[in-house]
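Dear colleague,

Please find below the structure I promised to hand over, together with its sequence. My findings follow directly after it.

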Amino acid sequence: MTHEESALVSDRWPRLAAELAGALCEADEDDLAGQVADLRIRQQCDCRDAFCQSFYTQPPPNGAYGPGHRNVGLSPSRPGMLVLDVVDNLIMHVEVIDRPPLS
């Protein structure tokens, strides 16, 4: 999927995008919250676990993310988990675990 072909998270799942932005602001992650409007779905997780709806917003790494990586766990307004993989303050991956279907 090319950059031009990848959908904006806010177009495909507007409720999730709003929830991400709000939870990031609540976590004092304003720089990351500012990225949500431009996040694109580059690739969905292919693990096939029924509880997983995770997706990459940047090309997946070959192996671990390495230096500059951190996880940002959020407190979502809906049940389940939202955890971001961030590298050098860029959202790379959104883990969506045990959540209702994305909207």
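Glu19 touches Pro76, Ser77, Arg78, Leu82 and Arg99, leaving aside residues up to four places away in sequence. Please note that this is a predicted model. Glu19 is found in helix H2, which spans residues 14–26. With a relative accessible area of 9%, under the 20% limit, Glu19 counts as buried. The side chains of Glu19 and Arg99 are joined by a polar contact of 2.5 Å.

H2 lies across E2, E3, E4 and E5, and runs at about 70° to E4. These strands belong to an open sheet of five strands, ordered E1-E2-E5-E4-E3 and paired in the antiparallel sense. At the edges are E1 and E3, each of which pairs on one side only. Between E2 and E5, the antiparallel pairing extends over two bridges, and Phe55 stands opposite Val94 in E5.

Which residues of the largest nonpolar core touch the most other members? They are Leu24 and Leu84, in a core of 22 residues. At least two core residues come from each of helix H2, helix H3 (30–33), strand E3 (69–74), E4 and E5. H2 supplies the largest share, namely five residues. Apart from residues up to four places away in sequence, Leu84 touches Leu20, Leu24, Arg70, Asn71, Val72, Leu74, Ile91, His93 and Val94.

The next point concerns aromatic rings. The structure holds one aromatic pair. Its members are Trp13 and Phe55, whose ring centres are 5.1 Å apart and whose planes meet at 45°, so the pair is tilted. The pair links distant parts of the chain, 42 residues apart: Trp13 is in the loop between helix H1 (9–12) and H2, whereas Phe55 is in strand E2. Both Trp13 and Phe55 are buried.

Two residues deserve a remark on backbone geometry. Arg48 has a positive phi of about 70° although it is not a glycine. Arg48 is located in the loop between strand E1 (43–44) and strand E2 (55–56), and is exposed, with a relative accessible area of 81%. Asp88, likewise a residue other than glycine, has a positive phi near 50°. Asp88 is found in the loop between strand E4 (81–87) and strand E5 (90–97); with a relative accessible area of 61%, Asp88 is exposed.

What does Gly68 touch, not counting residues up to four places away in sequence? Its contacts are Val86, Val87 and Asp88. Gly68 itself is in the loop between E2 and E3 and is partly exposed, at a relative accessible area of 40%. Gly68 and Asn89 are 21 residues apart in sequence, while their C-alpha atoms are 8.0 Å apart in space.

For reference when you open the coordinates, the following points may be checked:

- the polar contact of 2.5 Å between the side chains of Glu19 and Arg99;
- the tilted pair formed by the rings of Trp13 and Phe55;
- the positive phi of Arg48 and that of Asp88.

With kind regards

Methods. Residues numbered from 1 in each chain as written. Predicted model: local features only at pLDDT ≥ 70, side-chain atom pairs only at ≥ 80, totals over all residues. Heavy atoms only, no water. Helix = DSSP H or I, 4+ residues; strand = E, 2+ residues; numbered from the N terminus. Buried < 20%, exposed > 50% of the residue type's maximum accessible area, 1.4 Å probe, protein only. Core = buried A, V, L, I, M, F, W, Y, C linked by side-chain atoms within 4.5 Å. Contact = heavy atoms within 4.5 Å. Pairing = 2+ DSSP bridges. Axes fitted to C-alpha atoms, helices over the stretch in contact; angles between N-to-C directions. Phe/Tyr/Trp six-rings, centres within 6.5 Å; stacked < 30°, edge-to-face > 60°. Polar contact = N/O pair within 3.5 Å; in protein donor to acceptor, adjacent residues only side chain to side chain.
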